[in-house]
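Before reading the briefing, please take a moment to look over the sequence and the model shown here. The notes that follow are grouped by topic.

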Amino acid sequence: MANIKSQIKRIGTNRKATERNRAYKSELRTLIRNVRRAVEAGDAEQANAALALASKKLDKAVSKGVIHKNQAANRKSSIAKLVNSIEA
């Protein structure tokens with residue numbers, strides 16, 4: 001355990017940030033899972049709605065520093081391909 005006051009504060013701050021990031025990443029996984037389920041069900045309308053929400057949340061996660069912008073771009077591209085595959 002740290003002895004320095006500022007380091008004790010940093011440990012608390014880091015713990016809070018870690019919990020916040022974990023929750024955000026969990027939400028992102030859930031949203032991407034919803035897109036995949038809609039695609040498997042063949043429901044184009046629901047898939048497009050889920051894709052829009054997931055893309056928005058991925059962009060938000062990048063702006064908050066939760067994930068890297070390239071990771072978000074790769075995930076958005078991946079789920080967009082899935083959604084486009086059921087429309088074709």
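**Briefing on the helices and their cores**

Ile11 is a residue of helix 1, where helices (H or I, at least four residues) and strands (E, at least two) are DSSP runs, numbered from the N terminus. This is a predicted model, in which local features need pLDDT of at least 70 and side-chain atom pairs count only at pLDDT 80 or more, while totals for chains, interfaces and linings use all residues. Residues are numbered from 1 along each chain as its sequence is written, and side-chain values use heavy atoms, with hydrogens and water left out.

**Residues along helix 1**

- Ile11 counts as partly exposed because its relative accessibility is 26%, given that buried means under 20% relative accessible area, exposed over 50%, and partly exposed in between (1.4 Å probe, protein chains only).
- The C-alpha atoms of Ile11 and Lys81 are separated by 41 Å, and these two residues are 70 residues apart along the chain.
- Glu19 also lies in helix 1, and its relative accessibility of 48% is why Glu19 counts as partly exposed.
- Between the C-alpha atoms of Glu19 and Lys57, which are 38 residues apart along the chain, the separation is 17 Å.
- Arg20 is found in helix 1 as well, and because its relative accessible area is 54%, Arg20 is exposed.
- From C-alpha to C-alpha, Arg20 and Val39 are 29 Å apart in space, and they are 19 residues apart in sequence.

**How helix 1 meets helix 2**

- Two packed helices are described by the angle between their axes and the distance between the axes.
- The axes of helix 1 (residues 5-41) and helix 2 (residues 44-64) cross at roughly 160° and come within 8 Å; axes are lines fitted to C-alpha atoms, for helices over the stretch in contact, and angles run from 0 to 180 degrees between N-to-C directions.
- Helix 1 and helix 2 are therefore roughly antiparallel to each other, a term for angles over 145 degrees, whereas angles under 35 count as roughly parallel, 65 to 115 as roughly perpendicular and the rest as oblique.
- On the helix 1 side, the residues that meet helix 2 include Tyr24, Glu27, Leu28 and Leu31, and among their partners in helix 2 are Gln46, Ala47, Ala50 and Leu51, with contact meaning heavy atoms within 4.5 Å.
- The residues of this contact of helix 1 with helix 2 divide into 13 nonpolar, two polar and three charged, where Ala, Val, Leu, Ile, Met, Phe, Trp, Tyr, Cys and Pro count as nonpolar, Asp, Glu, Lys and Arg as charged, and the others, Gly among them, as polar.

**The nonpolar core and its surroundings**

- The largest nonpolar core has eleven residues in all, including Leu31, Ile32, Ala54 and Ile79; such a core is a set of buried Ala, Val, Leu, Ile, Met, Phe, Trp, Tyr and Cys residues joined through side-chain atoms within 4.5 Å.
- Helix 1, helix 2 and helix 3 (69-87) are the elements that give two or more residues to this core, and helix 1 gives the most, with five residues.
- Not counting residues up to four places away in sequence, Ala47 touches Ala38, Val39, Val83 and Ile86.
- Leu82 lies in helix 3, and at 25% relative accessibility Leu82 counts as partly exposed.
- Leu82 touches Arg36 and Val39, not counting residues up to four places away in sequence.
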